[in-house]
Amino acid sequence: MERFFAKIRDHQVCLSPMDEHHLVNVMRAKAGTMIEIVDAGDLYLAEVVSLSPLRIEIRQELSRPTELNAHLILGFSLLKGGHDELVLMKGTELGAFAFVPFLSERSIIRLDSKEREKRLQRFQKIVEGAANQSKRMSIPKITPILDYPSVLSYPADHRYLAYENLSGDVFNLPNELSNIKAGESALFLIGPEGGFSPKEAALAEDAGFSFVSLGKRILRAETASIFVASSFAFAEENK
Ligand code: SAM
């Protein structure tokens, strides 16, 4: 059943123009078509009552708690070749609460303000599509593209830097994940293709970040983000 993020007013569903077009012209909905509506984190069953004018009415409230109890915030460096889009798509499916895209010393990609805006619009579309497909109850937030110092001041209850230069035998991720409680937020920073410089790692440590190892192998940046999101979801779903 198709799902739409919409606003409900007096039992009436108000879709965005894009979603109206999708429902009427792509899905070719008819009177009687049932759809799911998410409004402010609540899930409803709704019925298309008429098409012109379009009228959609709520039939019942459903409950499907698909959100994780703790909030994963994925801080990721922009990547070349669109690999950062994989971070957004898979991170959303795996339950990420928010994304903090950034550029750091060794980030290969460089964008002017217009390109940044365009990339953020593309990111937004990706997380909305993935939230719909994975039946999320909320759409992850995406911050503006930050520089490294601004990322280090991004607030969270737990803040980690995935540091590839830790010796491989200090696999502390499971232990760190077990410390994160329901309702808390955890920011994980994943570096770019060239990794974090020792200076950036030192700045993060001074800012109160803890280092985590993701195991003995060096993962590609997008793999590292997906590994963190998978591990976080696995730990959260099993608490
Ligand atoms: N400096 C790396 C190298 O030697 O090839 C390249 C960086 S890696 C492609 C991109 C990012 O993924 C790193 O900055 C780090 O955040 C994360 N990462 C990859 N493997 C990791 C590991 N085994 N432990 C911790 N972080 C890792």
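This is a predicted model: local features need pLDDT of at least 70, side-chain atom pairs count only at pLDDT 80 or more; totals for chains, interfaces and linings use all residues.
Local features were taken only at pLDDT of at least 70 and side-chain atom pairs only at pLDDT 80 or more, whereas totals for chains, interfaces and linings use all residues. Residues are numbered from 1 along each chain as its sequence is written, and side-chain values use heavy atoms, with hydrogens and water left out.

The chain contains 7 helices and 13 strands, assigned as DSSP runs (helices H or I, at least four residues; strands E, at least two). Its C-alpha atoms fill a box of roughly 60 × 45 × 30 Å along the principal axes. Of the 239 residues, 45% are buried, that is, under 20% relative accessible area with a 1.4 Å probe, protein chains only. Among contacts (heavy atoms within 4.5 Å) with a separation of 6 or more, 73% join residues 24 or more positions apart.

The accessible surface of the chain (Shrake-Rupley method, 1.4 Å probe) comes to about 12,000 Å², and carbon and sulfur atoms account for 54% of this area.

Around the ligand lie 20 residues, each with a heavy atom within 4 Å of the ligand. Ala162, Glu164, Leu214, Arg217 and Leu219 come nearest. A backbone N or O atom of Ala162 is 2.7 Å from a ligand oxygen atom. The protein covers 83% of the 580 Å² of accessible area that the ligand has on its own.

Technical notes. Buried means under 20% relative accessible area, exposed over 50%, partly exposed in between (1.4 Å probe, protein chains only). A polar contact is a pair of N or O atoms within 3.5 Å; within protein, one must be able to donate a hydrogen and the other to accept it, and residues adjacent in sequence count only if both atoms are side-chain atoms.
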